[in-house]
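Here is a brisk report on one chain. Have the sequence and the model open as you read.

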Amino acid sequence: MSFLNNQLVTIDAVLTKKGRELMARNDGSFQITQFALADDEIDYTLYNPSHPSGSAFFGEAIEKMPLLQAFTDDTQNLKYKLVTLPRGTAKLPILDLGYNAIVIKQGASLAITPQTLNYLGGNTYETAGYTATISDVRLMSTFEGVGINTPAVTALNSTSTLGTSVSKTVVGTTINIRATTVNTLFGANTALYATLTVVGRDSGARVSIPITVTQVS
C-alpha cells in the first residue's frame, strides 16, 4: 500500500505474492490483523538545517521527493519501518542472529534465537518476538516460530504453502528450521540458496542473511 498523492491522500493497495496465495485458498486464511508503516523512499540526508530561506525550508527537498507506488514483491517492501523508540535513544537497535550466514546440511536442524542490541538501554529479547521470512520455503522441511502464542500469531504460524517457490513468514522468540530432505529439489546442483529476513516486532530492527542448504550425497 502506498500514497499516490499526498495532497489528496490517494492510496493504492496491492497484494503481495503471499497475500494472493492466501486469498486464492478461499478458506478464511486471508485475514489482515496488523499493519506497519515505512518510509523506504525517504532520504533524510537531504534535510538541510543551513537552508538560506530559514527553518520552514529545512525539509523542503525531502517533502518534494517522489513517493513509491505499491508493488507486489514482499521481500522489498517495508525495509525501513516507522517505530517509536524511548526518548533519548542515541543508537538505532540492530539484530544479532548469532550468524552472518547459515550453511546447513540437507536434513539438519537449527534453532535461531534473535537478540536486539542497543534497545531499551541495552541488549535484550523483544517481548513481541520476531518476524522471520524465508524467501523460498521449499528449502525447509520445518520452518516455525515458537514462543509467541497470540491468536493472530498462531494463525500465521500454522499457515502452510502449496509447495511452490514462495516465501513463508512466521513469528516467535525462536525460529526453528530443518533443511529439506527432498533430493529432487537439487537437480544437478549440490546446494540451494535462500535469504532469511528477521524483523524485531517491537524495535523494527531488521537483518537479512543468506542461507545455503548443501546436499548430502
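N118 comes first. N118 is found in strand β6 (residues 115-119). R138 is partly exposed, with a relative accessible area of 32%. Partly exposed lies between the other two classes: buried means under 20% relative accessible area and exposed over 50% (1.4 Å probe, protein chains only). The model is predicted, so local features need pLDDT of at least 70 and side-chain atom pairs count only at pLDDT 80 or more, while totals for chains, interfaces and linings use all residues. Residues are numbered from 1 along each chain as its sequence is written, and side-chain values use heavy atoms, with hydrogens and water left out.

**Salt bridges**

R138 pairs with D136 in a salt bridge. The closest N and O atoms of the two are 2.8 Å apart. A salt bridge here is a side-chain nitrogen of Lys or Arg within 4 Å of a carboxyl oxygen of Asp or Glu. By this rule the count is two. D136 counts as buried because its relative accessibility is 9%.

The other pair is K64 with E60, whose closest N and O atoms are 3.3 Å apart. K64 is exposed, at 63% relative accessible area. E60 is partly exposed, at 24%.

**The chain as a whole**

The chain has three helices and 13 strands. Both are DSSP runs, numbered from the N terminus: helices are H or I with at least four residues, strands are E with at least two. The C-alpha atoms fill a box of roughly 70 × 40 × 40 Å, taken along the principal axes. There are 217 residues, and 31% of them are buried.

Contact means heavy atoms within 4.5 Å. Take the contacts between residues at least 6 apart in sequence: 70% of them join residues at least 24 apart. The accessible surface comes to about 13100 Å². Carbon and sulfur atoms account for 54% of that surface. Areas come from the Shrake-Rupley method with a 1.4 Å probe; for residues, only the protein chains shown count as cover.

T212 sits in strand β13, which spans residues 206-214. T212 counts as buried because its relative accessibility is 15%. Leaving out residues up to four places away in sequence, T212 touches I102, V103, I104, A191, L192 and Y193.

The second largest pocket has a volume of about 460 Å³. Its lining holds 19 residues, and the closest to the centre are K79, Y80, K81, L92 and G204. Strands β3 and β13 are the elements that give two or more residues to this lining.

How is a pocket found? The search runs on a 1 Å grid over the protein atoms alone; a pocket is an open set of points with protein on both sides within 12 Å along at least five of seven lines, and lining residues have an atom within 4 Å of a point. Points are joined across faces, edges and corners, and the volume is the space filled by probe spheres set on them.

**A nonpolar patch**

F35, L37, Y44 and L82 form a nonpolar patch on the surface. Together they have about 500 Å² of accessible area. Such a patch takes residues with over 30% relative accessible area and no salt bridge, with nonpolar side chains (Val, Leu, Ile, Met, Phe, Trp, Tyr) joined within 5 Å. L82 lies in the loop between α2 (60-63) and β3 (94-96). L82 is partly exposed, at 48%.

Most residues other than glycine have a negative phi.

| Residue | Phi | Relative accessible area |
|---|---|---|
| N26 | about 55 degrees | 71% |
| N118 | about 65 degrees | 30% |

N26 is in the loop between α1 (17-25) and α2. N26 is exposed, and N118 is partly exposed.

**Distances along and across the chain**

D40 is partly exposed, with 25% relative accessible area.

I11 and A90 are 79 residues apart along the chain, and their C-alpha atoms are separated by 34 Å. I11 lies in strand β2 (residues 10-12). I11 is partly exposed, at 45%.

Conventions. Patch = residues over 30% accessible without salt bridge, like charges linked within 9 Å, V, L, I, M, F, W, Y side chains within 5 Å. 1 Å grid on protein atoms, 1.4 Å probe; cavity = no way out; pocket = protein on both sides within 12 Å on 5 of 7 lines; lining within 4 Å.
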